[in-house]
Amino acid sequence: MIVSVASGKGGTGKTSVAVNMALSIGNVQLLDCDVEESNAHLFLNPKISQTQAVTVSVPIVNEKLCDRCGECAGFCQYNALFIGSDKVLVFPDLCHSCGGCALVCPKEAISEDQHKIGTLKLGSAGGLELVYGELEVGEPMAVPVIKEVKRRIEKGKNVILDSPPGTSCPVIQTVKDSDFCILVTEPTPFGLHDLKIMIQVLESMRIPFGVVINRAGVGDNRVYEYCEEKGIPILLEIPYERRIAELYSRGIPFSQEMPEWKIKLQALFTTVRKFVNK
Amino acid sequence: MKQLTILSGKGGTGKTTITASFAVLARNAVVADCDVDAPDLHILLHPKIVKTQEFRGSKLATINETKCTKCDLCREKCNFNAITENLQIDPISCEGCGVCSLVCQVSAITLTERVSGHAYISETKYGFMAHALLNPGESNSGKLVTLVRQNAKVLAEKEHADLVIIDGSPGIGCPVIASVTGVDAGLIVTEPTMSGIHDLERVLRLLGHFNVRPFVCINMHDINDENTKRIVDFCGENGVEVIGKIPFNPIATEAMVNEKPIVEYASESRIAKKIIEMWKRTVSALKCGSQ
């Protein structure tokens with residue numbers, strides 16, 4: 001079973017829920033898909049067993065064959081090629097690796113080069129298997145790194161995906177093909193607003209979902225009212241408690257220090273499994 | 001005219017809370033909400049939309065089924081696995097590159113522009129605002145950020161504003177890069193947690209990469225004094241100015257629930273005073289007259 005943890009709004013507690021749930025169940029693989037700012041490893045101090053570069057294909061132009069006809073730049077939808085006065089300039093940051101420029105070149109002057117955009121890391125902490133990616137600072141495209149992280153999914157395991165914030169392409173790439181999505185929100189207007197956008201995304205992708213309310217007790221009731229009106233299950237509430245916040249700030253998973261939460265997070269996972277098997 | 005981007009790396013550290021208060025304090029500024037896939041600034045500033053623009057950020061392939069001979073070549077050549085086995089385009093995976101259309105022998109595939117969101121120009125009681133909303137699940141948020149910034153710049157020029165305040169999105173990828181390139185300074189809002197520190201370090205490198213002057217604000221600094229000291233030391237060692245330290249106060253959430261910027265909702269609170277102090281320091285560091 002593949003369960004993603006997403007939110008829309010940042011800082012609602014995705015990583016907290018993903019990490020603590022992963023630590024509370026067995027046979028688990030945790031994939032941190034927030035490759036722009038991966039944080040799960042900070043709570044787990046994993047032993048890294050493998051590190052590997054993530055690269056994407058970008059064009060390389062053979063100047064001896066190129067006559068600067070402009071077909072490649074004309075075809076490229078992303079402005080990644082520019083016909084200069086004496087040669088073709090390639091902007092790897094803008095390239096989406098579609099391969100179209102090489103196909104369209106009448107002189108067969110374009111071949112593929114590899115451009116490093118990030119690093120993939122595999123490790124373990126206790127019985128938990130962790131996979132995460134790190135986008136190189138300055139590189140714009142997170143999606144190829146997320147794809148690489150997700151290629152490591154082991155189907156037989158309880159797979160938990162920690163999603164980046166937002167609702168655009170990196171989030172879509174993360175939640176795609178998951179059996180269920182846990183939406184972590186907080187009971188505030190920002191939390192509710194971004195939750196609604198995320199629900200539209202999941203509905204259009206036909207991914208079943210439920211809500212975890214973090215920092216319960218702060219804010220107002222509008223998230224509860226919305227969920228009730230729409231018939232969205234509230235799977236768990238995590239109250240705003242100084243001790244939980246303090247453990248978080250020190251990078252300690254709260255379920256380790258507060259064993260009653262281990263049971264609640266196991267129950268969360270069991271509830272999710274029931275929804276999936278329905 | 002100066003441009004200041006509020007950013008954070010980690011989400012939920014207080015970017016929008018700070019931006020909204022700055023919008024109130026600025027006498028002559030335009031604000032731009034560049035968190036286009038989860039924008040929240042409008043909740044606090046209540047903009048009245050005066051102009052709406054369609055945003056066509058990407059293209060989508062469509063297959064004409066009557067022309068298609070089912071040769072499968074398009075599916076073979078698509079690097080995004082966006083064509084299914086029964087030769088349907090998956091709009092989520094399609095990046096609009098045009099390779100399928102190029103290789104199709106019978107010209108059955110065309111690229112059409114898709115409306116991926118909307119950009120808005122609005123009035124608020126604090127001044128003009130440029131913002132946008134990406135359709136849920138769309139890509140190309142970087143391009144929409146660029147459009148919002150362009151709108152803000154045009155507004156600022158027209159209104160003779162001396163500052164554009166940009167609310168960024170979390171992360172360090174394309175929308176964030178689009179919101180920091182060419183600005184005069186980036187104000188990073190962080191929090192004294194392990195995640196906050198980790199993400200701060202990466203955002204500082206991002207600003208360095210694009211030659212943007214960094215300032216750091218430690219929000220909720222009193223929730224972990226030890227980590228706050230680590231951030232202050234780290235900034236000191238790297239020559240980065242800590243321009244503000246904001247205490248934790250539940251009134252920040254209360255202001256949000258009441259949909260008001262803190263400096264307006266609780267103008268006499270300690271937290272508001274600290275934000276005002278930070279604003280004054282920021283404006284004087286930027287050398288713009290927007291006090």
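Reader: Which are α7(A) and α8(A) to each other, roughly parallel or roughly antiparallel?
Author: In this predicted model, the axes of α7(A), residues 189–205, and α8(A), residues 222–230, cross at roughly 30°. Axes are lines fitted to C-alpha atoms, for helices over the stretch in contact, and angles run from 0 to 180 degrees between N-to-C directions. Angles under 35 degrees count as roughly parallel, over 145 as roughly antiparallel, 65 to 115 as roughly perpendicular and the rest as oblique. So α7(A) and α8(A) are roughly parallel.

Reader: What pLDDT do local features need?
Author: Residues are numbered from 1 along each chain as its sequence is written, while chains are lettered from A and ligands numbered from 1, again in written order. In this predicted model, totals for chains, interfaces and linings use all residues, side-chain atom pairs count only at pLDDT 80 or more, and local features need at least 70.

Reader: Which residues in α8(A) meet α7(A)?
Author: Helices are DSSP runs of H or I, at least four residues; strands are runs of E, at least two; both are numbered from the N terminus. Residues are in contact if their C-beta atoms, placed from the backbone, lie within 7 Å. Gly191(A), Leu192(A) and Leu195(A) represent α7(A). Facing them in α8(A) are Arg222(A), Val223(A) and Tyr226(A).

Reader: How many residues of the contact of α7(A) with α8(A) are nonpolar?
Author: Ala, Val, Leu, Ile, Met, Phe, Trp, Tyr, Cys and Pro count as nonpolar, Asp, Glu, Lys and Arg as charged, and the others, Gly among them, as polar. The contact has one polar and one charged residue. The nonpolar residues number four.

Reader: Where does α1(A) stand relative to α11(A), roughly parallel or roughly perpendicular?
Author: Helix α1(A), residues 14–24, packs with α11(A), residues 259–277, their axes 8 Å apart. Asn20(A), Met21(A) and Ser24(A) are the α1(A) side of the contact. The angle is about 95°. That makes the two roughly perpendicular.

Reader: Which strands stand at the edges of the open sheet in chain A?
Author: Nine strands run in the order β3-β6-β7-β2-β8-β1-β9-β10-β11, with mixed pairing. Two strands pair if DSSP finds at least two bridges between them. An edge strand has a single partner, so one side is left without a neighbour in the sheet. The edge strands of chain A are β3 and β11.

Reader: Which element gives the largest share of the side of chain A that touches chain B?
Author: Here 51 residues of chain A are in contact with 52 of chain B. Elements of chain A giving two or more residues are α4, α6, α7 and α9. The largest share, eight residues, comes from α7(A).

Reader: How far apart are the centres of the two domains of chain B?
Author: An automatic or database domain assignment sets the bounds. Domain 1 covers 2–55 + 125–286, and domain 2 covers 58–114. Taken over C-alpha atoms, their centres are separated by 40 Å.

Terms used: Contact = placed C-beta atoms within 7 Å.
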